Amino acid sequence: MNVRNCRKCGKIFNYLSGLPICDNCKRKMEEQFQIVKAYIRSHPGTNIKETSEECEVETSLIKQWIREERLELEGSDGEIVCENCGKAISTGRLCEECKKTMANGFEDSIKKPEMPKPEPKKPDVSSGNKMRFLRH
């Protein structure tokens, strides 16, 4: 049994996996997420700061949801950038180009080199292996 203190409220709880927060705090966080999600849908083009102020949610939490690709902010004015190249993105950790490059890199590292095909053996004419006929 793995017992921990909740990172948010400090209560002791039985930790199974994921974020080290209790079920009550997880439920509250999910409610906050649904509020932010609804606000973004009804206010396209909003930014993180405005969303944070209107929904009374920490900007770090909104950024976390964007990095997890649970939320997408169109026109976020470079608030979220690709961790590889620094290009402005609307969701996730990497831009589309860096995702493709990384995926191709993984594919190349997984591919096994092809074994050269053996060349067919040519009959050795000089060894005297010729067809012979028997006479009666």
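1. Let's start with Arg4: its charged end sits over the ring of Tyr15, 3.9 Å from the ring centre. Arg70 has its charged end over the ring of Phe33, 3.9 Å from the centre.

2. A word on the model: it is predicted, so local features need pLDDT of at least 70 and side-chain atom pairs count only at pLDDT 80 or more, while totals for chains, interfaces and linings use all residues. Residues are numbered from 1 along each chain as its sequence is written, and side-chain values use heavy atoms, leaving out hydrogens and water.

3. You'll find two aromatic pairs. Rings of Phe, Tyr and Trp (its six-membered ring) pair if their centres lie within 6.5 Å; planes under 30 degrees apart are stacked, over 60 edge-to-face, the rest tilted. Phe13 and Tyr15 are edge-to-face because their planes stand at 80°, with centres 6.3 Å apart. Both residues, Phe13 and Tyr15, are buried (under 20% relative accessible area; exposed is over 50%, partly exposed in between; 1.4 Å probe, protein chains only).

4. Phe33 and Trp65 are edge-to-face too, since their planes are at 75°, with centres 5.2 Å apart. Phe33 and Trp65 are both buried.

5. Now look at Ser90, buried at a relative accessible area of 19%. Leaving aside neighbours within four places in sequence, Ser90 is in contact (heavy atoms within 4.5 Å) with residues including Ile66 and Leu71.

Methods
A charge sits over a ring if NZ of Lys or CZ of Arg is within 6 Å of the ring centre and within 35 degrees of the ring normal.
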